[in-house]
Amino acid sequence: MTTSPGGSRRSEADVAGFTASPQLAEALQRILVDLVELHLQGKQAHWNLVGHNFRDLHLQLDEIVDEARESADTIAERMRALEAWPDGRSDTVMATTTLPAFPEGGLSVSAVVDLITARLRATVDTLRTQHDQVDSEDPSTADLLHAIIDSLEKYAWMVSAENRSA
C-alpha cells in the first residue's frame, strides 16, 4: 500500500463489497415471498370484489398491489446487491409464504377489508420478525424495511377503517 498526502490509497484488491451472510439472505427471502404473496392476493381480491364501496376499495387494492410489488422488487434487488439470490418462483412462494390462503370466488367489500387487513398485518409481522436479524448485520437494509413497514401499516389502518365505526 502506498501513502499519499492526505491519506492512504487502497489497491483494488483491498476493496471488497459487503456480502450477505446466509442468515441475512434467508431473512430477506422470507420477506420477499410474503411481499410477492401479498401482491398476488391483493390482485385476487381486486378481481373478485363485489358490493357497496366496490370502486373505492377496488382502486385502493391496486395501490396496495403496486406497493407490494415495488417493495418485493426493492428487497430482491437489495439481495442481488448483497450477492444473495432471490427466489420469487410461484412454487417457492406457495411453499414458504406465511400469509393465510385467500378464498376463491366473489367476496363482499366487508369480507375483503378484513382479509386484506389480515394479510397486510401478517406481512408487516414478517418484516418486524426479521428486522432484528437484518439490522444486526446490515442497518442500511433495515432502513428499507422501515419504509416498507410504515407504508403497509398505513394501508392496514386505511383499509380496516372501512369496517369500523367511531
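The model is predicted, so local features need pLDDT of at least 70, side-chain atom pairs count only at pLDDT 80 or more, and totals for chains, interfaces and linings use all residues. Residues are numbered from 1 along each chain as its sequence is written, and side-chain values use heavy atoms, with hydrogens and water left out.

Student: At what angle do helix α1 and helix α4 pack?
Tutor: Helices (H or I, at least four residues) are DSSP runs, numbered from the N terminus. Axes are lines fitted to C-alpha atoms, for helices over the stretch in contact, and angles run from 0 to 180 degrees between N-to-C directions. Helix α1 covers residues 22-47 and helix α4 covers residues 109-137. Their axes lie 9 Å apart, and the angle is about 165°.

Student: Are α1 and α4 roughly parallel or antiparallel?
Tutor: Angles under 35 degrees count as roughly parallel, over 145 as roughly antiparallel, 65 to 115 as roughly perpendicular and the rest as oblique. The angle of α1 with α4 is about 165°. The two helices are therefore roughly antiparallel.

Student: Is the crossing of α1 and α4 left-handed or right-handed?
Tutor: A crossing is left-handed if the near helix is turned anticlockwise from the far one by less than a right angle, and right-handed if clockwise. By that rule, the crossing of α1 and α4 is left-handed.

Student: How many residues of the contact of α1 with α4 are nonpolar?
Tutor: Contact means heavy atoms within 4.5 Å. The α1 side includes Leu24, Ile31 and Leu38, and the α4 side includes Val112, Leu120 and Leu127. Ala, Val, Leu, Ile, Met, Phe, Trp, Tyr, Cys and Pro count as nonpolar, Asp, Glu, Lys and Arg as charged, and the others, Gly among them, as polar. The contact has 7 polar and 4 charged residues, and the nonpolar ones number 12.

Student: How is α2 oriented relative to α5?
Tutor: Helix α2 spans residues 54-81, and helix α5 spans residues 139-160. The axes of α2 and α5 come within 11 Å and cross at roughly 170°. That makes the pair roughly antiparallel.

Student: How many charged residues are in the contact of α2 with α5?
Tutor: Residues of α2 in this contact include Glu63, Ile75 and Arg78. Those of α5 include Leu144, Ile148 and Tyr155. By class there are 9 nonpolar and 6 polar residues, and the charged ones number 3.

Student: Are α1 and α5 roughly parallel or antiparallel?
Tutor: The axes of α1 and α5 are 13 Å apart. They pack at an angle of about 25°. That makes the two helices roughly parallel.

Student: How many charged residues does the contact of α1 with α5 have?
Tutor: Leu28, Ile31, Leu35 and Leu38 in α1 meet Thr141, Leu145, Ile148 and Leu152 in α5. By class, 7 residues are nonpolar and 1 is polar. The number of charged residues is none.

Student: Which residue meets Arg30 in a salt bridge?
Tutor: A salt bridge is a side-chain nitrogen of Lys or Arg within 4 Å of a carboxyl oxygen of Asp or Glu. The structure holds 6 of them. The N to O distance for Arg30 is 2.1 Å.

Student: Which parts does the salt bridge of Arg78 and Asp138 tie together?
Tutor: The closest N and O atoms of Arg78 and Asp138 are 2.9 Å apart. The two residues are 60 apart in sequence, so the pair ties together helix α2 and the loop between α4 and α5.

Student: Is Asp138 buried or exposed?
Tutor: Buried means under 20% relative accessible area, exposed over 50%, partly exposed in between (1.4 Å probe, protein chains only). Arg78 is partly exposed at 23%. Asp138 has 7% relative accessibility, so Asp138 counts as buried.

Student: What is the relative accessible area of Lys154?
Tutor: Lys154 lies in helix α5. Lys154 is partly exposed, with a value of 48%.
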